[in-house]
Amino acid sequence: RLYQHRRRISLLVCPEPVLLFANRIDIRQVLPHRSEYTLLLNNLENAIALDFHHSEELVFWSDVTLDRIMRASLNGSNVEEVVSTGLESPGGLAIDWIHNKLYWTDSGTSRIEVANLDGTQRKVLLWQRMEKPRAIALHPMEGKIYWTDWGNMPCIEYANMDGTNRKIIADTHLFWPNGLTIDYASHRIYWVDAKHHVIERADLDGKNRKAVISLPHPFAITVFEDSLYWTDWHTKSINSANKFTGKNQEVIRNKLHFPMDIHTLHPQRQPAGGRNRCGSNNGGCSHLCLPSNKTYTCACPTGFVKWKMCLDKFLLFTRRTDIRRISFDNEDKLDDVIPLADIRNAVALDWDSSERYIYWTDVTTDSINRAKWDGSKQEVVVDTSLESPAGLAIDWLTHKLYWTDAGTDRIEVSNTDGSMRTVLIWENLDRPRDIVVDPIGGFMYWTDWGANPKIERAGMDASNRTVIISTNLTWPNGLAIDYSTERLYWADASIKTIEYGNFDGSGRQVLIGSQLPHPFGLTLHEDRIYWTDWQSKSIQSADKLTGLDRRTLAENLENLMDIHMFHHHRTKVQTPCSVNNGGCSHLCLLAPAPKASSCACPTGINLQADGKTCTHAMNSFLVFARRTDIRMISLDIPYFNTIAIGVDAVEGKVYWSDSTLKKISRANINGSEYEDIISAGLMTTDGLAVDSVGRKIYWTDTGTNRIEVANLNGSMRKVLVWQNLDSPRAIALFHEMGYMYWTDWGEHAKLERSSMDGSDRVVLINNNLGWPNGLAVARAGSQLLWADAHTERIEASDLNGSNRRTLVSPVQHPYGLTLLGPHMYWTDWQSRSIHRADKDTGANTITVRSNLPGLMDIQAVDRASSLGFNKCGRRNGGCSHLCLPRHNVTSCACPTGILLKSDGRSCDNLPETFLLFSNRVSVRRISLDTNDHTDVYVPVPELHNVISLDYDSVERKLYYTDVSLDVIRYAGMLSFVLGISGNILKLKKKFKKIHSLYWTDTGRNTIEVAHLDGTSRKVLVNNSLDEPRAIAVFPILLLFVFLCEEKIKPEKYIKPLVHF
């Protein structure tokens, strides 16, 4: 009776308990006595474990698909990540509501960890003799942590909450101990075993163990007052029973998606009376204060050392999707994940202790990145023209970054911030892999995996290159330098050895020749050598002189890659580059004695005769498209290199078309100021040409079968040729003469010419053509050159199509063609190369650059050559809009659909008479003033599903509905303006005199009206309507007419026009 009396009192003063449970794709709550079922969080991936913090009104959960721990407010708002790195299968989670700590288990890493509630100051608490920890529960009043382990020896254990005093309390008759909960009032633990189909209980020390209930497949469990509540995978339900007897079983809720963890959300489950052992000052601890039985322990986050604020020495290693460290300042040697974002496939690694940066390559994003050792200030250093950057090395004396690229077969160098990048070695490389540098001696060393595996050495300025090891190598992976003994170490994954030799390759010895399944990364520190092994999934070490005393530092680590020891004791010496950058204007690179250093220039720029100064920019270069990037090849230097940047010969911009995005874009020479200049009305823009003098851009479109022109910013666009075109492809200009030339790939392939205003059109060649791709005009020699992928020829003729001759045959599949000086250059799809030959004879063919898949167009730039002249280059030829060259004269023209005025020079901004129509994602205009009746895109952005429109000819504004956004908007025909928004659908009409907007709404079955700015909105008709559709106003009779789409047939209604 006393118990029942206290229960009635508690019901009067305490809130009703709520069952909070994870359902994989959402988190829900249910009232156990009323089965009221509400959603708290949805759109989750795979929510498994959860817990709550009642006083802070927070819910925490783990997601084993995303490998994240998340939290949110108990009302479902403020969702945020708490732990996002270093998790593999976080299956258990518990909140210490007294000391405000988060504990979790991870069966993938075989660890129990702790952190602050926001995920900071994370520490691995328990990791030894741990297999698959699963459920976890806390008793912060007693300072105890309880957990289950699913491993080969299933058990239930407890320890102090600082990880000390660990004990097993149950290890018999267990198989899949899933859920675990503590009954604080009765001082008992309850757990479920899914294999034995049972709920059991015991005292907190494991004594008095007893089975309570037999069940199909219980997963998680919680307790409140006299009742147990659990989730069951087999029945997809939440159930309850009496905690003493197991009787009075009830189904609280069934037909759930996939019920996982469960907790009782109630203040009694987190009693506020427990003593905070850490007090109000965090126990005086600088970082973590963890409760321990009757007292507390100060602890440091994993990797940190007590009494020190930073790490002095740690082992860095990459695991493809994360970068980890093992601190050597701690005895436990635990690895922890450096908090870095978006690592896809990290391979190579290095570090610079002076700036406290770590550097890594990512062969999925093809980038080189860096961040501070604690994960802050993460940034991309190099992300262009990389294909497989597999090796990385830091010159810590001059702050240079060296790397190998097995995709481009190059070794490159730059400043550590990625600036002043240049290619050092590009010849006779075949899959270069690892690289190390010796700035003391001025040498760099690299391994090569190609057809003839080898290890090479050269000066760090690429001088004195030599092969030092070329026998008994197959897959030479990691390299490491021992500066104290002046030895070079390497690992071979095929021969399964770690070897060393002198810096010149002499004195070769096998250090370790057994039990090396697949060594990859290699590093040295003090008297030890460390390596990663793919197959054994471990990090191991041995004595660097004997190979003995082998130790395993870490195991069960998938995808191990590079490894380095971070420390603060790299040798510092004065170098020639230390003073005034060695006198160099750009790069100062170390070299072997007696030279000691040399000056170098960024790729494509020449070093002047003084050997110190670089020219300001490239004079001659090729620009080519490669489907996914635009690249440049300098012709000023004796090697060929590609850089993925935008360039322009005259005004510092490059223009390109993208047939996937259906856009024409431009950017500066350095890739900045990228912008789309044409983003509507394009289908397949295969050909493009810039008139640098007249400031125009011309293009062909095989989808629309048009040739168009516009200003360089995309304005004043005009269709020049639209009749009798059948797949126009390449286009070339001779702006001094006022001519444009183009190829046509249609059923009857041909090569045509017209004036640059589209007049005087003539077919030059229409026989023996197949797929005429590239086209170029040699102005000096009055030649026309073209490449044909079907006939496999490059041919030439004079400018009127006569004197036709073959220059090069056969060529495999030529595409782009350009001219520069005495040479012609072309791209070839099949050979994936850029080739060069004499433009007059076709002789002296060479390959400029190979291994370039996806090659498309190519253009040559010579800044030293004259641009030529045409009259449109001066004051736009006196035209108000477009000035287009014509043979020996100029022609003023208007944008498509607009008539030229009688003065022959000026245009209106819009046509007088035109049609407007929509096709859901665009609004177009067809002028009735001109004969071509070409549709022009009205520049209105963000269109999704435009159904109806109308036009205000006085204000020149377009009004339209977008039923995907449920809005009515308006736009100026010359500039865009937003209008009304709301739940608005279907057609509307505007009435000029009273300036009102009428529309129908089929979703709400209404007809409404508002001012043109959307104000004073009013419903006119809202009864007896069945999907009202079209509407029109008759202002003279003050009527509006609309159609309804009824079941039998549309009906017409006439109503008086309302104005206000």
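Me: What makes the link of Cys278 and Cys289 left-handed?

Reply: The link of Cys278 and Cys289 is left-handed with -95 degrees about the S-S bond. Cys278 lies in the loop between strand 24 (262-265) and strand 25 (288-292), and Cys289 lies in strand 25, so the pair ties together parts that are eleven residues apart in sequence. Strands here are DSSP runs (E, at least two residues), numbered from the N terminus. The model is a predicted one, in which local features need pLDDT of at least 70 and side-chain atom pairs count only at pLDDT 80 or more, while totals for chains, interfaces and linings use all residues. Residues are numbered from 1 along each chain as its sequence is written, and side-chain values use heavy atoms, with hydrogens and water left out.

Me: Why is the pair Cys278 and Cys289 called a disulfide?

Reply: A disulfide is a pair of cysteine sulfur atoms within 2.5 Å. The sulfur atoms of Cys278 and Cys289 are 1.9 Å apart, and the two residues form a disulfide. A search of the whole structure finds eight disulfides.

Me: How do you know that the disulfide of Cys584 and Cys599 is left-handed?

Reply: The torsion about its S-S bond is about -80 degrees, so the disulfide of Cys584 and Cys599 is left-handed. Cys584 lies in the loop between strand 50 (563-566) and strand 51 (587-590), and Cys599 in strand 52 (residues 597-600), so this pair ties together parts that are 15 residues apart in sequence.

Me: Why is Cys584 called buried?

Reply: Buried means under 20% relative accessible area, exposed over 50%, and partly exposed in between (1.4 Å probe, protein chains only). Cys584 has a relative accessible area of 9%, so Cys584 is buried. Cys599, with 12%, is therefore buried as well.

Me: What joins Cys879 to Cys892?

Reply: A disulfide joins Cys879 to Cys892, with an S to S distance of 1.9 Å. This link is left-handed, with -80 degrees about the S-S bond. Cys879 lies in the loop between strand 74 (858-862) and strand 75 (882-886), and Cys892 in strand 76 (residues 889-893), so the pair ties together parts that are 13 residues apart in sequence. The relative accessible area of Cys879 is 9%, so Cys879 is buried; that of Cys892 is 14%, so Cys892 is buried too.

Conventions. Helices (H or I, at least four residues) and strands (E, at least two) are DSSP runs, numbered from the N terminus.
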